[in-house]
Amino acid sequence: MTGNSQLTILKFGGSVITDKNADEGVALKDEINRLAKEVSSYKGKMIVVHGAGSFGHPLAHRYSLVDNFNAEGLVLTHRSVEILNSVVVDALNESGVMAAGVHSMDCFTTTDGRISSSFLDPIHIMLEKGIVPVLHGDVVMDTTKGVSIVSGDQVLPYLALALEADRIGLGSAEDGVLDENGKPIPLITNDNFDDIKACLGGSASTDVTGGMFGKVRELLDMCHGRSMTAYIFNAKIDGNVLNFLSGKEIGTAISDSSE
Ligand SMILES: Nc1ncnc2c1ncn2[C@@H]1O[C@H](COP(=O)(O)OP(=O)(O)OP(=O)(O)O)[C@@H](O)[C@H]1O
Ligand SMILES: [Mg+2]
């Protein structure tokens with residue numbers, strides 16, 4: 001699918017905007033401000049999605065929310081990721097970006113952990129009116145399990161398909177998807193996935209949604225049978241978000257095939 005809405009969707013990884021090794025939420029405000037500034041020079045339609053980092057994963061892990069319903073765990077995890085969302089939205093606003101927080105809990109339901117219904121009307125109108133919606137990894141009500149964890153890595157491809165995004169980027173803490181020698185793999189497709197999948201691990205920090213393996217799988221599924229490309233790149237490096245937004249090839253490209 002080629003989109004015609006000129007929409008960019010960009011994820012700020014939790015490993016960039018938080019101290020992901022902390023046991024509880026620690027926001028890296030300088031990094032968030034830097035990313036917000038880079039985003040502020042982009043004038044096209046954009047959605048920002050951010051990961052939960054230390055605001056979501058440790059709580060979700062503590063309450064075993066991937067496997068079990070737990071009301072207290074749900075409330076605390078949602079509250080925690082909401083706080084991170086406010087920090088990101090505030091930074092964007094202070095940089096002159098008209099951004100508004102949109103909680104995944106309020107616009108998605110899941111069935112067995114996968115988004116099965118959504119309410120995106122407000123996002124459509126925000127985009128028409130020049131507002132940047134800022135979504136995030138969250139706890140979401142699940143029709144079978146009661147609660148599930150929806151990662152930013154699941155939200156991003158869902159929105160990219162639903163809204164026909166043209167440019168899709170995931171900024172994380174490595175120079176792309178790294179091979180066994182620590183070098184970024186230029187292109188991952190459904191054709192070479194089996195050859196490189198041994199290199200893909202979970203996260204070095206607590207991450208209940210699959211780390212790099214989860215990310216690549218979500219993006220390959222999104223691209224399957226479509227002419228879409230997503231980029232995984234290092235958003236810790238100054239200027240990389242701007243490079244991505246300017247249309248440069250960056251990090252690891254993910255697409256259905258190399259043709
Ligand atoms: N082949 C690989 N290449 C790069 N990173 C890898 C690889 N295998 C495993 N990883 C790990 O995956 C991590 C990235 O996934 P992670 O989910 O932690 O990032 P994130 O998206 O920034 O965070 P969040 O999920 O909180 O948004 C890297 O920091 C690294 O520890
Ligand atoms: Mg993750």
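What is the volume of the largest pocket? I began with that question, keeping in mind that this is a predicted model, and I noted a volume of about 650 Å³ for the largest pocket.

**Entry: the pocket lining**

I then looked up what surrounds this space and found that the largest pocket is lined by 45 residues, with Ser15, Lys20, Ser172, Ser203 and Gly211 lying nearest its centre. The elements that give two or more residues to that lining are α1 (14-17), α3 (57-62), α4 (71-94), β7 (138-142), β8 (146-150), α7 (152-162) and α9 (211-223). Of these I marked α9, from which the largest share of the lining comes, namely three residues. Sorting the lining by class, I wrote down 21 polar, 15 nonpolar and nine charged residues.

**Entry: the sheet**

In what order do the strands of the open sheet of eight strands stand? I read the order as β3-β6-β2-β1-β9-β11-β12-β10, and the pairing is mixed. At the edges I found β3 (99-101) and β10, and because each has a single partner strand, one side of each is left without a neighbour in the sheet.

On going from β11 to strand β12 (residues 252-255), I found four bridges and an antiparallel run, with Ala230 bridged to Ile254 and Tyr231 to Ala253. Strand β10 (residues 187-188) runs parallel to β12 and is joined to it by two bridges, and here Leu187 stands opposite Ala253.

**Entry: Ile232 in β11**

Is Ile232 buried or exposed? Ile232 has a relative accessible area of 0% and is buried; its place is in strand β11 (residues 229-234).

I listed what Ile232 touches, leaving aside neighbours within four places in sequence, and the contacts include Leu170, Gly176 and Val177, then Met212, Lys215, Val216 and Leu219, and finally Ile250, Gly251, Thr252 and Ile254. As a check on distance, I looked up Val132, which is 100 residues from Ile232 along the chain, and the two C-alpha atoms are separated by 21 Å.

**Entry: helix α2**

Does the length of α2 agree or disagree with what its residue count predicts? At 1.5 Å a residue, the twelve residues of helix α2 (residues 29-40) should span 16 Å, and I found its end C-alpha atoms 16 Å apart, which agrees. The buried residues of α2 are Glu31, Ile32, Arg34, Leu35, Ala36, Glu38, Val39 and Ser40. I traced their packing to β1 (7-12), α1, β2 (45-50), α4 and α10 (240-245).

**Entry: two further buried residues**

I looked up Ser104, whose place is in helix α5 (residues 104-107), and Ser104 counts as buried because its relative accessibility is 0%, where the cut-off for burial is under 20%. Which residues does Ser104 contact beyond its neighbours within four places in sequence? I found Leu135, His136, Asp138, Val140 and Val155.

Gln154 lies in helix α7, one of the elements that give two or more residues to the lining of the largest pocket. With a relative accessible area of 6%, Gln154 is buried too. Not counting residues up to four places away in sequence, Gln154 touches Gly113, Arg114, Ile115 and Glu218. Last, I noted that Gln154 and Asp166 are twelve residues apart in sequence, while their C-alpha atoms are 17 Å apart in space.

Note on methods:
Residues are numbered from 1 along each chain as its sequence is written. Chains are lettered from A and ligands numbered from 1 in the order in which they are written. This is a predicted model: local features need pLDDT of at least 70, side-chain atom pairs count only at pLDDT 80 or more; totals for chains, interfaces and linings use all residues. Side-chain values use heavy atoms; hydrogens and water are left out. On a 1 Å grid over the protein atoms alone, a cavity is a set of points where a 1.4 Å probe fits but cannot get out, and a pocket is an open set with protein on both sides within 12 Å along at least five of seven lines; lining residues have an atom within 4 Å of a point. Grid points are joined across faces, edges and corners, and a volume is the space filled by probe spheres set on the points. Ala, Val, Leu, Ile, Met, Phe, Trp, Tyr, Cys and Pro count as nonpolar, Asp, Glu, Lys and Arg as charged, and the others, Gly among them, as polar. Buried means under 20% relative accessible area, exposed over 50%, partly exposed in between (1.4 Å probe, protein chains only). Contact means heavy atoms within 4.5 Å. Two strands pair if DSSP finds at least two bridges between them. The expected span of a helix is 1.5 Å times one less than its number of residues.
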